[in-house]
Number of protein chains: 2
Amino acid sequence: MSKISPLSGFPELLPAQRTVERDVIASLSRTFELHGFANIETRVVEPIDRLAKGGEVDKEIYVLQRLQAERHGGGPAPTAELGLHFDLTVPFARYVLEHAGHLEFPFRRFQIQPAWRGERPQEGRYRQFTQADVDIVGRDELPFHHDVEVMSVMVDALGRLPIPRVSFQFNNRKLIQGFYRGLGIDDVTDAIRVIDKLDKLPADEVAAMLVERVGTTPEQAQRCLELATIRVEDTSFVERVRALGVADDLLDEGLAELAEVVEACSAVAGDRVGVEANLRIARGLDYYTGTVVEVFMEGYEHLKSVGGGGRYDALASDGRTTYPGVGVSFGVSRTLIPLIADGVLSGSRPVPSAVLVALNAEEDRAASAAVAQGLRERDIACEVAPTPAKFGKQIRFADRRAIPYVWFVQADGPDEVRHQVKDIRTGEQVDADPATWTPPEADLRPGIVTTIPMPSTHTSTTEENQ
Amino acid sequence: MSKISPLSGFPELLPAQRTVERDVIASLSRTFELHGFANIETRVVEPIDRLAKGGEVDKEIYVLQRLQAERHGGGPAPTAELGLHFDLTVPFARYVLEHAGHLEFPFRRFQIQPAWRGERPQEGRYRQFTQADVDIVGRDELPFHHDVEVMSVMVDALGRLPIPRVSFQFNNRKLIQGFYRGLGIDDVTDAIRVIDKLDKLPADEVAAMLVERVGTTPEQAQRCLELATIRVEDTSFVERVRALGVADDLLDEGLAELAEVVEACSAVAGDRVGVEANLRIARGLDYYTGTVVEVFMEGYEHLKSVGGGGRYDALASDGRTTYPGVGVSFGVSRTLIPLIADGVLSGSRPVPSAVLVALNAEEDRAASAAVAQGLRERDIACEVAPTPAKFGKQIRFADRRAIPYVWFVQADGPDEVRHQVKDIRTGEQVDADPATWTPPEADLRPGIVTTIPMPSTHTSTTEENQ
């Protein structure tokens, strides 16, 4: 084996960095569970024809072939063509259809797994990346209050993470569609697609495109642009939309839904999460049917959204039964890998050990191992020094791993054993009883070190993960 | 979307079954951490030439191609050819080489991830399966006591799981090689391969093959067979091997090593794990260089081994530095999926919720949600009923999900609210204060229900996972 170079788009974490990711996943998982969401894992492969349904992502799908089949030029293997899933929604929809007879509806699930896309890697965009999804799916029907519920859960979950402030920007397909319809625009979907270009093009060009491509009047185009500029942190958008003078039943429904989502999410948001109605949010408006959300992170707007989701009235269907769903996805890798690279997040140590039990001589390994086993029985992670080196060297061994304590077992006489423990950060060394000594809670497990000011209950997510 | 059939070899768990897998993974992880092992995750892909090095597994490797590249007949994508890893050892060896400059040695790591093999599916053999690996890797050298350590850790970890009794069967490559060499057999590796056939062929046929294929004398063949019959639960194998009258330095070293491993593992094994020296164990003897182990599960011997591992003096090498390693792998899917299918293991409920907060009327949703939020703040998972159905129907809703408690919020007067909680298993309904009521520990989280008699400290792994 020769020198290894990293594989672009497939980032890997060092052990201390991995503690950050594990703690974040544990914190997310616990919040989802507290709200009654069950965890599932789906297989990572789906039949190609199911993955390729959307059309747009075709080129990004990784297809699997068995090596033998390929090498022998024998064409595809006899099994159906399989590809790696590129998100967690397609496999979840398939899971619901396949296992519907064994599930209880409404079915709340969370799923935290990698997904794969063969696109060009860049910061925040990887070929393998982990996502955390929460969805609620009903059979035949799914009342609107579940939109409020699932969005509040993700607000609660992200508010507990030691990451920069995130902003949930909500919109509603019914609101937009009703407004356009009330204005007299025929091709609503096409109009939405054009408005979506406001990110890249100046407003007057977008207005011109609405006239040329969608066939609106200049005045209709102007109203569409006015709608898209509405962005507020409360429910005052309702009055501002009404002031534009468009009347439509679907618009009314959309306004009421969006107001309820914004109000409920604001109530759980706290300081670390922003909640806005942003009527320019258009991503997915062509397939979502009600609530739509995109999540952005302060100072990391160049990553685009770090999460998103919405309501889909037909998440899945087997022809007879339709399963409506509402959900939101958080990009774990997209968020954490840039934050780790920037030093905003790091792990407090690369090993779980809180204690290194020192070794006097190789013959004394059993004595040191017995101390270690006693500590473990009281849930204190530890390891025994690999060699009976000079104590200074054993302390440096601990120091390089940020292990906070070194334990010494010294024969004080023929039958006398003296136990001492040293906090290598302060140098303080005290007598200790291996049957009762316990490190302070904060030293017990590795945790997240963050440069983000967190409220006191959230300085470490370590406890929450347990 | 039409009817969905399962994909052979890619088993998926229902939500309650998934709690079993999560609890087992959490228990394994915690034991590994208590022994100072750091968790890592590697990307799931490796370059084909690295995966195919072994030769034997070629046909089982899944190769990735981007859909576009394939569809357009443009040959492989411009990036290196990638395949899914088929175990966790190849990616770990690559991780060590790639990140060596950022790791501290000896490096203890555990890794719990899926792997993929395109082989024919059968019970216990899947195309996607999860493994749990622990390894210790050194730079240039790795003292033998780490063999003892890593094997003891897995004994400790499996002894804590609610699974049938497992048996660790140890052998040692030095012992076997030294014995054969001392006997005067030249081609030791070939002789080992023939002895490995004792599983499938009668002893006299194996003896004949040793004479014909390896060129031993009939007497040498007889001694090899005698060695292979030695299988004991203590260190008495040392005397029995010596009684065969073969003298060799490497044999002595192997005997001493095996005795030490058996002794140390027996000391931590308890009742739920068997430890044996079994001199017939030959799997991997061609690439392992010292300790070898295979793990079997009582009543499930038809699965073959549920775990295995050993010592490899050159886990990885970059040409200048060699990284010796020792490790053992446990087949999580291979073990759990048959146990779940047989009803030996199940989850206590398919949802994390311990409480369903009942709903009087849709207008009262906020009141019920407030109770739920209060319970969550005290780490009690709960959900609010989806509709204000009759209470009998709401109780059946909880019952179908095995949620043990239903909470009622009743207006007793204009400003009087009465809270009651019902244990739906006993029917007992009592007044309760949402600010202080807590369910018994055993009801707080879903756990594993097992038909295996477990010692009292291990009836549920739920607590250990936290």
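Predicted model: local features only at pLDDT ≥ 70, side-chain atom pairs only at ≥ 80, totals over all residues.

Colleague: Okay, so which residue of chain A forms a salt bridge with B:Arg94?
Modeller: The partner of B:Arg94 is A:Glu12, and the closest N and O atoms of the two are 2.7 Å apart. There is also a salt bridge in which the side chains of B:Glu12 and A:Arg94 meet, again with 2.7 Å from N to O. B:Glu12 lies in the segment before H1 of chain B while A:Arg94 belongs to helix H4 (residues 89-99) of chain A, so this pair joins two chains.

Colleague: How many salt bridges are there between chain B and chain A?
Modeller: Between chain B and chain A the count is 12 salt bridges, and a search of the whole structure, over all chains, finds 60.

Colleague: And how much area do the two chains bury between them?
Modeller: Chain B and chain A bury about 8300 Å² between them, with 54% of it on carbon and sulfur atoms. The contact draws 91 residues from chain B and 92 residues from chain A, and 36 residue pairs, both at pLDDT 80 or more, are in polar contact across the interface. On the side of chain B that touches chain A, helix H1 (residues 15-34) of chain B gives the largest share, seven residues, and the residues of that side divide into 40 nonpolar, 21 polar and 30 charged.

Colleague: Which strands pair from one chain to the other?
Modeller: Strand S3 (residues 62-66) of chain A and strand S3 (residues 62-66) of chain B run antiparallel and are joined by five bridges, and within this pairing A:Leu64 has B:Leu64 as its bridge partner.

Colleague: Switching to chain A on its own, what is the strand order in the sheet of nine strands?
Modeller: The order in that open sheet of chain A is S1-S5-S6-S12-S11-S10-S7-S9-S8, and the pairing is mixed. Its edge strands, each pairing on one side only, are strand S1 (38-39) and strand S8 (231-232) of chain A. Inside the sheet, strand S6 (residues 128-137) and strand S12 (residues 322-331) of chain A pair in the antiparallel sense over seven bridges, with A:Gln131 standing opposite A:Gly331. Helix H5 (residues 145-159) of chain A packs on this sheet, touching several strands including S6 and S12, and its direction makes about 15 degrees with that of S12(A).

Colleague: Last topic, the backbone: where is the cis peptide bond in chain A?
Modeller: A cis peptide bond joins A:Phe105 and A:Pro106, with omega about -5 degrees, and A:Pro106 is found in the loop between H4 and S5 of chain A. In chain B, a cis peptide bond joins B:Phe105 and B:Pro106, with omega about -5 degrees. A:Lys304, in the loop between S10 and S11 of chain A, has a positive phi of about 60 degrees although it is not a glycine. Most residues other than glycine have a negative phi, and most peptide bonds are trans.

Terms used:
Residues numbered from 1 in each chain as written. Chains lettered and ligands numbered in written order. Heavy atoms only, no water. Pairing = 2+ DSSP bridges. Helix = DSSP H or I, 4+ residues; strand = E, 2+ residues; numbered from the N terminus. Contact = heavy atoms within 4.5 Å. Axes fitted to C-alpha atoms, helices over the stretch in contact; angles between N-to-C directions. Buried area = accessible area lost by both parts, 1.4 Å probe. Salt bridge = Lys/Arg side-chain N within 4 Å of Asp/Glu carboxyl O. Polar contact = N/O pair within 3.5 Å; in protein donor to acceptor, adjacent residues only side chain to side chain. Nonpolar A, V, L, I, M, F, W, Y, C, P; charged D, E, K, R; others polar.
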